[in-house]
Amino acid sequence: MGMDPDRSKYDVIVIGGGIAGQESALNLADSGLSVLLVEKDVSIGGKMIHLSKVFPTLDCAACITTPKMSETARHPNITISTDSEIVDIEKNPDNSFSGVLIKHPRYVVENDCTGCQDCEDACPVIVDDQYQYGFVGRKAAYVPFSIANPRIATIDIENCILCGACERACAADAIDFTQKIERTGVTAGSVIIATGFNLFDPAVIERYGGGGFRNVITSMQMERQLVPTRPFNNVLRPGDGKMPDNIAYVLCTGSRDETVGNPICSQVCCMYSIKQGQLLLGSLPMADVTIYYLHIRAFGKGFEEFYQQSKGMGVEFVKGKVGTIEQKENGDLIVRYEDMREGRVKEAEHDLVVLAVGMLANPEAETLFMGGKLEIDEYGYVKQVDRLRNPAKTNIEGVFVAGTASGPMDIPDSIVSAGAAASESLSYLKRAR
Amino acid sequence: MAKVQAGFADEIKRFGAVDFSACYNCGNCTAVCPLAENDNTFPRRLLRYAVLGLEDDIQSSPEPWLCYYCGDCSETCPRQSNPGEMMMSLRRYLTSKYDWTGLSRKFYVSKAWELGAIAFISAIVILLFALFLRPTADPAGLINAEGGVKINSFVEGIEPETFVTIIEFGDWTMAAIVSFFLISNIFNMYLKIVIRNKKVKVPLRLYVKEAWNLFFHFGTQFRFSKCKDWTYWALHWLVMTGYTIMFTMIVVILPWFQTERIHPISHPQRFLGYYATFGILLAIIVWSVSRIRRTGEVHKYTHASDWIFLIMLFLTTLTGILVHFFRIGGLIYPTYYTYVIHLAILMPMLIIEVPFSKWSHIAYRPLAIYFTSLINSAAALEREEKK
């Protein structure tokens, strides 16, 4: 880990350690600037590290992200603070920024833990694994996921019963229940916001089961079923462990929908559903995959070809928004939609329904700055005040936005955006000096 | 070939539709609609017709009348494009299109026309009473054995039986006017939906075979009960039965209804009257409060014609109740004057609302179901023949 002599002074603070935050941090660090990367989770990696493959190239997402995570973690100019948040950022009279870095206790001494998972074996508490989106369980003392960075244990104190089993099992003596929240003042010349997005929670849509149907899952859950580090060794429906053979995708779940307060397109759902369709035909060769869509938005390089390829492979496309989903006694689902070509209302039975959930703005960006000085756009994303000429510019000079913190976008666009934020930040610092 | 008319949306908006141009044609409305089934899909298709301005397609569609405005479509519309209110506006638009006189359109798009017409007919009724049926100056002998007012003996020199006959003649004249316009409008509707239907020809025997639809749906509004909230249907049914009873009593059997003596409360004349009054009054209260508070999609948007309808119905009911109690209370002149006002509200309400405005749905809804079943059965027959 990068060791700055002064642990409280940096050139740039990057908030968020997902793919955009890492990209910005690396660009700046490679230019010789010192960077503090603040990550609220216990590992960097963001959402991308949990994905299966990327569209339209079908490259393995983890194989792209893991090296980048290692590079970020090992870079001498980057200091990573995981399990941390930064609050009360203020612009000082000398144009520098200062804020309070809050590091939450991990109850594990980071430099001592070897990631051996003995504590995990010893821990008697089992809760839902958030990194597998609830499909399987994990312990209260656990290494978040196999390709986490840092790959060390953490203790989920909310669920911990303080039995001390992990402490006794740890050969490195790394468990420390006396850790407390640390607050440090930090300053920097510039700030990059890369706080990413939130996934839409479909439980608010009553007519899709309100989160209560056993075999209605989100696209992120399907993503987990398709990765090499997947929870089951196959694609199974969670209700009864049956291997599905008739899967439906419901596009625009929580996107382009005024009733849930998100009127805009999430830009990725069409393409990731098409991708998952192709992957499913690979893992379940006998399965039927039907995608119910409003309009297919295959707007990027190679996207249309990728869409046509999925059709060629046998993915079924039906134009029409799914109106209602009903659950049968055996866990199968009845999907009601209007078949516009035939002009009829139809019902179709599926044994697994995947809700292609969209992106929502992460409201945390709004509260980073003292007095809410950061401007937010009408959709809740960080406002790009000069989108065409300086896409990373925010309303505060010296603060830049990277990736999906500024709006829905796919991975390549996030990386481009993060690069723009890094270079704008760099030139801002050069000009300021 | 159909021609796109961009300006058509503005025409529909005159009939109340709030902005529906946001529609992106996703089909959610149709998919959540508990009433859309088989080939009769709506609202999306109709919304599409309206956006494109396909007038002929709209006019030949029975679908607007198959919709009971449960409101699920508007509630869940991802674009908040108000498909439910759009269908409501189409019903108003169609009412004006079935009407060959052009009055309906005038009443719907102009409050001045509608209120003016109401005032005009009211004035005629009052004038007729003032000229020919003035009350006697001598109230002696106007109280019956029960202590109530003899309602048919106001006019000096006119026997009670003659008085009832005169009023009955007035009722029948009104009914004739209303029926003439309504039936001719219905014929127009029939031409547009069934005869000009290019897809099928309906064989004669189906008209008989499917006729039960007309009576069943007129009597029950069964389809309305498919809405999630069944109370909409229950209240509507209460009003419908109440009004039908009232209408039958005042038009078909007036001598039985408007009697000199006051019957005991167990007499059907009284308890049927009370049932009807209760149902209508309850509905007026619930609907008015809901419209003011805008509860539920169906009450969110109120067109001027909706208020006029509710107010007229309320005034008719109120004056009817007053006449009744003034009569029982033996208040001679209040009974007479309220009775005249009652008729001066009732007459324009029926003459304007039934053939030209909101009340025409009493005929159009069951007929649309009947026509739809004709077309669908004919199409099914044709499919079988092809096999």
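## A parallel sheet in chain A

Two strands count as paired if DSSP finds at least two bridges between them. With that in mind, welcome to this predicted model, where strand S14 (residues 288–293) of chain A and S15(A) pair in the parallel sense over four bridges. One contact to look for on screen is Tyr293(A), whose bridge partner in S15(A) is Lys319(A).

This pair belongs to an open sheet of five strands in chain A, running in the order S12-S19-S13-S14-S15 with parallel pairing. Strand S12 (216–218) and strand S15 (316–319) of chain A each have a single partner strand and stand at the edges, so one side of each is left without a neighbour in the sheet. On average, neighbouring strands of this sheet are turned by 25° against each other, direction ignored.

## Nonpolar cores

The largest nonpolar core has 191 residues, and those that touch the most other members are Ile13(A), Val35(A), Ile193(A), Leu251(A) and Ala402(A). Helix H17 (residues 332–356) of chain B supplies the largest share of this core, 16 residues. Another core, of 19 residues, lies apart from it and includes Tyr107(A), Phe145(A), Ile155(A) and Cys170(A).

Leaving aside residues up to four places away in sequence, Leu251(A) touches Cys269(A), Cys270(A), Ser273(A), Ile291(A), Tyr292(A), Tyr293(A), Leu294(A) and Ala356(A). Tyr293(A), in this list, is the residue bridged to Lys319(A) in the sheet.

## Where chain A meets chain B

Between the chains, 18 residues of chain A are in contact with 18 residues of chain B. On the chain A side, strand S17 (333–339) and strand S18 (344–350) each supply at least two residues. The largest share of that side, three residues, comes from S17(A). By class, the chain A side divides into five nonpolar, five polar and eight charged residues.

## Two domains in chain B

The domain assignment of chain B gives domain 1 (8–98) and domain 2 (103–379). Their C-alpha centres lie 28 Å apart, and 27 residues of domain 1 are in contact with 32 residues of domain 2.

Which helices of chain B each supply at least two residues of the side of domain 1 that touches domain 2? They are helix H5 (63–66), helix H6 (72–76) and helix H7 (83–98). H7(B) gives the largest share of that side, seven residues. The side of domain 1 of chain B that touches domain 2 has 11 nonpolar, nine polar and seven charged residues.

Terms used:
Residues numbered from 1 in each chain as written. Chains lettered and ligands numbered in written order. Predicted model: local features only at pLDDT ≥ 70, side-chain atom pairs only at ≥ 80, totals over all residues. Contact = placed C-beta atoms within 7 Å. Nonpolar A, V, L, I, M, F, W, Y, C, P; charged D, E, K, R; others polar. Core = buried A, V, L, I, M, F, W, Y, C linked by C-beta atoms within 7 Å. Buried ≥ 20, exposed ≤ 12 C-beta atoms within 10 Å, placed from the backbone. Domains from an automatic or database assignment. Axes fitted to C-alpha atoms, helices over the stretch in contact; angles between N-to-C directions.
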